[in-house]
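Student: I would like to learn how to read helix contacts and pockets in a model. Can we work through an example?

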Amino acid sequence: MILNPNGAFLIAAADVLLAASFVFQKLYGRKKGNTILAGTVFLLITGIVKTAFFALLCLFAKDGSAFFAPFTLALAAGKELLCLIYTLIGFLLLAKGGMTLYTLFLMTGGMTLPYLYGVLFLHEELTVLRSVGLVLIILSTALYNLDFGKDRSRLSARVWLLCGAVFVLNGFVSILSKMHQVETAFPTAGTFGFAFWSALSGVFFTFFLCAALQRKYGKAELSKAFGIKTDMRFVLIVSAFAACAGGFSYLLQLFGAELLPATVLYPAVTGGSILCSALADKLIFRTRLAPLQWFGLLLAVAGTCLFL
């Protein structure tokens with residue numbers, strides 16, 4: 001399969017914007033820390049911005065699609081609930097020293113399960129080149145994210161179980177997105193509508209998480225996480241930029257899910273995002289890459305090219 005220019009543009013633009021959202025998220029983490037309170041505040045603010053952004057798109061778009069459909073809301077809410085669960089697992093893994101494994105299982109699950117879904121349920125073509133490309137991107141993700149110089153024997157079975165849960169959860173996030181975009185039996189709200197209801201559902205779930213955290217940590221700690229009286233401007237600006245970049249990236253991925261097979265879209269997005277994120281780390285954060293990480297990036301290039 002030779003990827004058409006529209007498909008290639010969607011993937012490339014989505015990868016660049018996704019890397020940009022990672023940059024703003026990393027800036028936020030460096031300033032506010034990686035606590036569950038700080039992370040929840042980040043999720044809430046970015047969710048509100050995304051909801052407003054997608055609401056405007058729904059208001060001004062004239063694509064003929066409905067604004068609301070029960071099927072759309074069900075998939076959107078289910079997807080966002082899965083996102084919140086694997087995000088909370090990420091905080092648990094951070095505390096137990098398994099954060100690099102979290103990233104590895106998150107990325108590989110987000111492309112491997114929709115790949116299998118496309119082959120088994122959408123009857124997409126299974127080719128040798130795509131299968132080799134998928135394996136190369138998985139190896140690339142492992143080499144880029146894992147620190148092989150660190151002793152991993154201390155990681156408990158619970159950590160590996162949580163990583164497996166992340167793999168499955170993010171895989172089904174991608175599957176639900178693809179499922180909505182190719183649905184023909186049930187009425188749907190269209191791409192903009194699905195993006196809006198996803199963002200709104202995320203705000204709904206995160207708001208209740210914030211309320212629970214306030215009861216646990218107190219109002220003062222939650223106010224501190226929001227940066228009230230200290231760095232609220234920074235929190236709002238960085239979160240807003242992260243939301244716009246991430247939201248637009250997801251929107252492009254949704255359009256890609258309409259145009260491209262799952263066996264092409266999700267591995268190509270993963271491989272490209274590894275490259276763009278590594279480039280951003282190098283240029284903005286002056287990150288030094290180990291030889292194995294450079295080799296991993298080469299595998300990402302090779303693997304991604306096999307899908308084009």
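**Pocket and helix contacts**

Tutor: The model is predicted. Start with the second largest pocket, where the lining residues fall into three nonpolar, two polar and three charged.

Student: Which residues line the second largest pocket?

Tutor: The lining consists of K32, T35, L37, A38, E221, K224, A225 and T230. The space in this second largest pocket is about 170 Å³.

Student: How do the axes of α2 and α8 cross?

Tutor: They come within 9 Å and cross at roughly 60°. Angles from 65 to 115 degrees count as roughly perpendicular and those under 35 as roughly parallel, so α2 is oblique to α8. The crossing in which α2 passes α8 is right-handed.

Student: Which residues meet where α2 and α8 are in contact?

Tutor: From α2 there are L37, A38, V41, L44 and I45, and they meet E221, L222, A225 and F226 from α8. By class, this contact of α2 with α8 has eight nonpolar residues, no polar ones and one charged. L37, A38, E221 and A225 are among the residues of this contact, and L37, A38, E221 and A225 are also among those lining the second largest pocket.

Student: Now take α6 and α9. At what angle do their axes cross?

Tutor: Helix α6 covers residues 157-182 and helix α9 covers residues 232-259; their axes come within 8 Å and cross at roughly 55°. That makes α6 oblique to α9. Here too the handedness can be stated: α6 passes α9 in a right-handed crossing.

Student: Which residues make the contact of α6 with α9?

Tutor: S177, K178, Q181 and V182 belong to α6, while Y250, L254, A257 and E258 belong to α9. The classes in this contact of α6 with α9 are four nonpolar, two polar and two charged residues.

Student: What is the crossing angle between the axes of α9 and α10?

Tutor: It is roughly 150°, and the axes of α9 and helix α10 (residues 262-284) come within 8 Å. On the α9 side the contact is made by Q253, G256 and A257, and on the α10 side by L265, Y266 and V269. The contact of α9 with α10 has four nonpolar residues, two polar and no charged. A257 of α9 takes part here, and A257 is also one of the residues in the contact with α6.

Terms used. Residues numbered from 1 in each chain as written. Predicted model: local features only at pLDDT ≥ 70, side-chain atom pairs only at ≥ 80, totals over all residues. Heavy atoms only, no water. Axes fitted to C-alpha atoms, helices over the stretch in contact; angles between N-to-C directions. Helix = DSSP H or I, 4+ residues; strand = E, 2+ residues; numbered from the N terminus. Parallel < 35°, antiparallel > 145°, perpendicular 65-115°, else oblique. Left-handed = near helix turned anticlockwise from the far one by under 90°. Contact = heavy atoms within 4.5 Å. Nonpolar A, V, L, I, M, F, W, Y, C, P; charged D, E, K, R; others polar. 1 Å grid on protein atoms, 1.4 Å probe; cavity = no way out; pocket = protein on both sides within 12 Å on 5 of 7 lines; lining within 4 Å. Points joined across faces, edges and corners; volume = space filled by probe spheres on them.
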